[in-house]
Amino acid sequence: MSAQNDNDRALCAATAGLLKASGRISAWGLALAVVGMAVLALTGRSLPLVSWPGFAAVVVLGLPERYLAFRLQLDAGLFKDLSAQNMASLAALDHALQRLGLRKAPDAPRTLEDRVLGARQLLQRHGIVVVCQSALFLLALLTEDLR
């Protein structure tokens, strides 16, 4: 095996591990959305006007959070399969994703580095959404007693 092939497999395995580790962040985002939904459902009418939008925003942000969590989980599995050489090539991966309707046929083949960068950006976006959820949840809790 070539050193480049070994390096690519190691990069895929490391990326898969990084994306899999984001599962804890995903669980936190889901918990915030569920608790926010429960607060609105159980005490929505008695909440102060200031905190109600905060809990509602936490719930609404739960939708893109869930989508990003799904994408991270999917990408983690794909990078794991690439590292285990369960896919013949990146072109074969692109073809499979196109046949599933998950991706348009690329004009030019994407390099592994581009894919890793895209996965890291997806992870960052997910983190930003969960941080926003957390901040809004905390703000809603702090303003809950204001009347």
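# Helix faces and contacts

Reader: Start with H2. Which residues are buried there?
Author: Ser26, Gly29, Leu32, Ala33, Gly36, Val39 and Leu40 are buried in H2. Keep in mind that this is a predicted model.

Reader: Where do they sit around the helix, seen down the axis of H2?
Author: The buried residues of H2 fall within an arc of 160°, so they line one face of the helix.

Reader: What covers the buried residues of H2?
Author: The cover includes H3 and helix H5, which runs 112-142.

Reader: How do the axes of H2 and H5 cross?
Author: They come within 10 Å and cross at roughly 35°. The crossing is left-handed.

Reader: Which residues meet there, in H2 and in H5?
Author: From H2, the list is Ile25, Ser26, Trp28, Gly29, Leu32, Ala33, Val35 and Gly36. They meet His126, Val130, Gln133, Ser134 and Phe137 of H5.

Reader: What should the 21 residues of H2 span, and how far apart are its end C-alpha atoms?
Author: At 1.5 Å a residue, residues 23-43 should span 30 Å. The end C-alpha atoms of H2 are 30 Å apart, so the two values agree.

Reader: New topic. How many aromatic pairs does the structure hold?
Author: One. Phenylalanine 55 and phenylalanine 137 form an edge-to-face pair. Their centres are 5.6 Å apart, with 85° between the planes.

Reader: Which helices does the pair link?
Author: Phenylalanine 55 is in helix H3 and phenylalanine 137 is in helix H5. The two are 82 residues apart, so the pair links distant parts of the chain.

Reader: Is phenylalanine 55 buried or exposed? And phenylalanine 137, buried or exposed?
Author: Phenylalanine 55 is buried, because its relative accessible area is 0%. Phenylalanine 137 has 14%, so it is buried too. The cut-off for buried is under 20%.

Reader: On to H4. Which residues are buried?
Author: Leu93, Asp94 and Leu97. They cover an arc of only 100° around the axis, which puts them on the same side of H4.

Reader: What do the buried residues of H4 pack against?
Author: They pack against H3 and H5. Ala91 and Arg99 are exposed, on the face of H4 turned away from its buried side.

Reader: Now the loops. Where is serine 22 found?
Author: Serine 22 is in the loop between helix H1 (3-21) and H2. With a relative accessible area of 4%, serine 22 is buried.

Reader: What is serine 22 in contact with, leaving aside neighbours within four places in sequence?
Author: Leu72, Leu123 and His126.

Reader: And leucine 49, buried or exposed?
Author: Exposed, because its relative accessibility is 77%. Leucine 49 is in the loop between H2 and H3.

Reader: How far apart are leucine 49 and threonine 143?
Author: They are 94 residues apart in sequence. In space they are 9.3 Å apart, C-alpha to C-alpha.

Reader: Last one. What is phi of glutamine 85?
Author: Phi is near 60°, a positive value in a residue other than glycine. Glutamine 85 is in the loop between helix H3 (52-83) and helix H4 (90-99). Its relative accessibility is 38%, so glutamine 85 counts as partly exposed.

Definitions and conventions: Residues numbered from 1 in each chain as written. Predicted model: local features only at pLDDT ≥ 70, side-chain atom pairs only at ≥ 80, totals over all residues. Heavy atoms only, no water. Helix = DSSP H or I, 4+ residues; strand = E, 2+ residues; numbered from the N terminus. Buried < 20%, exposed > 50% of the residue type's maximum accessible area, 1.4 Å probe, protein only. Expected span 1.5 Å × (residues − 1). Arc of directions from axis to C-beta. Contact = heavy atoms within 4.5 Å. Phe/Tyr/Trp six-rings, centres within 6.5 Å; stacked < 30°, edge-to-face > 60°. Axes fitted to C-alpha atoms, helices over the stretch in contact; angles between N-to-C directions. Left-handed = near helix turned anticlockwise from the far one by under 90°.
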